[in-house]
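Subject: Structure for your files

Hello,

Here is the structure for you to look over. My notes on what was found in it follow below.

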Amino acid sequence: MPDIMTEMVESLLRNREGSESKSYLIGLERGRIWASGDADYFEMREWSELRVETLAELALPPREEMHFKVLGAETELDWEPYLKGWLDGVKEVAESY
């Protein structure tokens, strides 16, 4: 995992039980990391402006799908709250530009 993951998220990962708020917070941090480090400006803008009817129909960028699977192997994660957090994290970084 990247060194920039917050202590709070690392602590959440140690808790193996699933919850919507935990999934959201971990997704939020991953979205911030992706938007500020992995995505180029245009990808970040595209994702930050995305409007979806149903989160279940959305697929993350391929490397982020892999991160979700790796994190999901460490702790129980719920897809939709994670994805909502991820999108909010991307939007937060995009708004800082």
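Tyr41, Phe42 and Tyr97 form a nonpolar patch on the surface, with about 420 Å² of accessible area together. A patch is made of residues with over 30% relative accessible area and no salt bridge, where like charges are joined within 9 Å and nonpolar side chains (Val, Leu, Ile, Met, Phe, Trp, Tyr) within 5 Å. Accessible areas come from the Shrake-Rupley method with a 1.4 Å probe, and for residues only the protein chains shown count as cover. Phe42 lies in helix H3, residues 41-48; helices (H or I, at least four residues) are DSSP runs, numbered from the N terminus. With a relative accessible area of 64%, Phe42 is exposed. The classes are buried for under 20% relative accessible area, exposed for over 50%, and partly exposed in between (1.4 Å probe, protein chains only).

Please note that this is a predicted model, in which local features need pLDDT of at least 70 and side-chain atom pairs count only at pLDDT 80 or more, while totals for chains, interfaces and linings use all residues. Residues are numbered from 1 along each chain as its sequence is written, and side-chain values use heavy atoms, with hydrogens and water left out.

On confidence: pLDDT is the predictor's confidence in each residue, from 0 to 100. The protein chain averages 86, and 95% of the residues score at least 70. Confidence is lowest in helix H1 (residues 7-14), with a mean of 75, and highest in helix H5 (residues 79-95), at 94. Where pLDDT is low, the predicted coordinates should not be read in detail.

Ile26 is in helix H2 and is buried, at a relative accessible area of 0%. Leaving aside neighbours within four places in sequence, Ile26 is in contact with Val9, Leu12, Leu13, Leu71, Thr75, Leu77 and Tyr82, where contact means heavy atoms within 4.5 Å. With neighbours within four places left out again, the contacts of Trp86 include Trp34, Trp47, Pro61 and Arg30. Arg30 is also in helix H2 (residues 20-38) and counts as buried, at 1% relative accessibility.

On charged pairs: a search of the whole structure finds five salt bridges, a salt bridge being a side-chain nitrogen of Lys or Arg within 4 Å of a carboxyl oxygen of Asp or Glu. One of them joins Arg32 to Glu29 at 3.2 Å, N to O. These two are three residues apart in helix H2, so about one helical turn separates them. Arg32 is partly exposed, at 26%, whereas Glu29 is buried, at 7%. Another joins Glu49 to Arg45 at 4.0 Å, N to O, and Arg45 is partly exposed, with a relative accessible area of 26%.

In helix H5, Asp88 and Lys84 sit four residues apart, about one turn of the helix, and their side chains meet in a salt bridge of 3.2 Å, N to O. Salt bridges that share partners also join Glu29, Arg32 and Glu92 into one network.

Regards
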